[in-house]
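Please keep the structure open while reading.

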Amino acid sequence: MNNINKTKKEFEKSLFILLENKNYHDITINEICALANKTKMTFYHYFKDKESLLATASINLINSEYNEEYEKIIRKETNLEEIEYLSTLATYELVAKHYNQIRNLSYKGDTFYLEIFKNALFDNYSKYLSNLIDNSVYDIPIDYVSIILFEGLYGSCLYYAEQLKISKNKKKIKEKNKLLCRFLAKVIMSITKIDYSNINNSDSNKTIKDK
């Protein structure tokens, strides 16, 4: 990683560390800089304001953490439905992991900053779905489908995270969620354009990875 990317990552990491226990509205650029051990001049060299940092950090968080999990999955699995199941499960766990940060992006009913994070999630998901659905078979507006599926997935991810936080039986919550993810994997597989005949082909992992 070059010095520019490393510096930006330190600002991004600092923001999400602070978000763990503090509302976004109350976090100052001075605090971010202090935790990153960087000057405000350096901050403004890379980011216009705190909101641009949040947008960049949200996208990079999703890409880096989710892709890291996805890489692990496709190294272990060749069955496409199992890959879809495990990657959906990883999505739920990612949201649960960052539940405090997500909750701290809203302030007294103001969800503007939460929407920045949510839009980063949606952009990632809609690109994935557009590559996955076979529109030559299903003549449907992918943008509408993306919104419908994303809103349901996003809402259920938050519900899962909330249940994990308040439930005394976390194992039961996790087991129920696994059943849901298994169902979702079967639904997605039923409308995809992936060629199952290539599942044992040596290039199949590359095809999956490039979705």
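## Salt bridges

Lys-38 and Glu-10 join their side chains in a salt bridge, 2.6 Å from N to O. The term stands for a side-chain nitrogen of Lys or Arg within 4 Å of a carboxyl oxygen of Asp or Glu. This pair connects distant parts of the chain. Lys-38 sits in the loop between helix H2 (29-36) and helix H3 (40-46), and Glu-10 in helix H1, 28 residues apart. Helices here are DSSP runs (H or I, at least four residues), numbered from the N terminus. Lys-38 is partly exposed at 27% relative accessible area, and Glu-10 is partly exposed at 25%. On this scale buried is under 20%, exposed is over 50%, and partly exposed lies in between (1.4 Å probe, protein chains only).

The model is predicted: local features need pLDDT of at least 70, side-chain atom pairs count only at pLDDT 80 or more, and totals for chains, interfaces and linings use all residues. Residues are numbered from 1 along each chain as its sequence is written, and side-chain values use heavy atoms, without hydrogens and water.

The whole structure holds 9 salt bridges. Another of them pairs Glu-81 with Lys-186, with the closest N and O atoms 3.0 Å apart. Glu-81 belongs to helix H5 and Lys-186 to helix H9, so this bridge ties together parts 105 residues apart in sequence. Both ends are partly exposed: Glu-81 at 23%, Lys-186 at 47%. Lys-72 and Glu-69 form a salt bridge at 3.5 Å, N to O. They are 3 residues apart in helix H4, so about one helical turn separates them. Lys-72 is partly exposed at 35%, as is Glu-69 at 34%.

## Largest pocket

On a 1 Å grid over the protein atoms alone, a pocket is an open set of points where a 1.4 Å probe fits, with protein on both sides within 12 Å along at least five of seven lines; lining residues have an atom within 4 Å of a point. Grid points are joined across faces, edges and corners, and the volume is the space filled by probe spheres set on them.

Its lining counts 35 residues, with Tyr-66, Thr-91, Asn-124, Tyr-125 and Tyr-128 nearest the centre. Helices giving two or more residues include H4 (50-76), H5 (80-97) and H7 (112-132). H8 supplies the largest share, 8 residues. By class the lining has 21 nonpolar, 9 polar and 5 charged residues. Nonpolar covers Ala, Val, Leu, Ile, Met, Phe, Trp, Tyr, Cys and Pro; charged covers Asp, Glu, Lys and Arg; the others, Gly among them, are polar.

## Second largest pocket

The second largest pocket has a volume of about 290 Å³. Of its 15 lining residues, Lys-9, Glu-12, Lys-13, Leu-61 and Ser-64 are closest to the centre. H1 (3-19) and H4 each give at least two. H1 contributes the largest share, 7 residues. The lining divides into 5 nonpolar, 3 polar and 7 charged residues.

## Nonpolar core

The largest nonpolar core has 58 residues. Such a core is a set of buried Ala, Val, Leu, Ile, Met, Phe, Trp, Tyr and Cys residues joined through side-chain atoms within 4.5 Å. Phe-11, Leu-15 and Leu-105 have the most contacts inside this core. H7 provides its largest share, 10 residues.

Leu-15 is in contact (heavy atoms within 4.5 Å) with Tyr-24, Ile-27, Ile-32, Leu-53, Leu-54 and Ala-57, leaving aside neighbours within four places in sequence.
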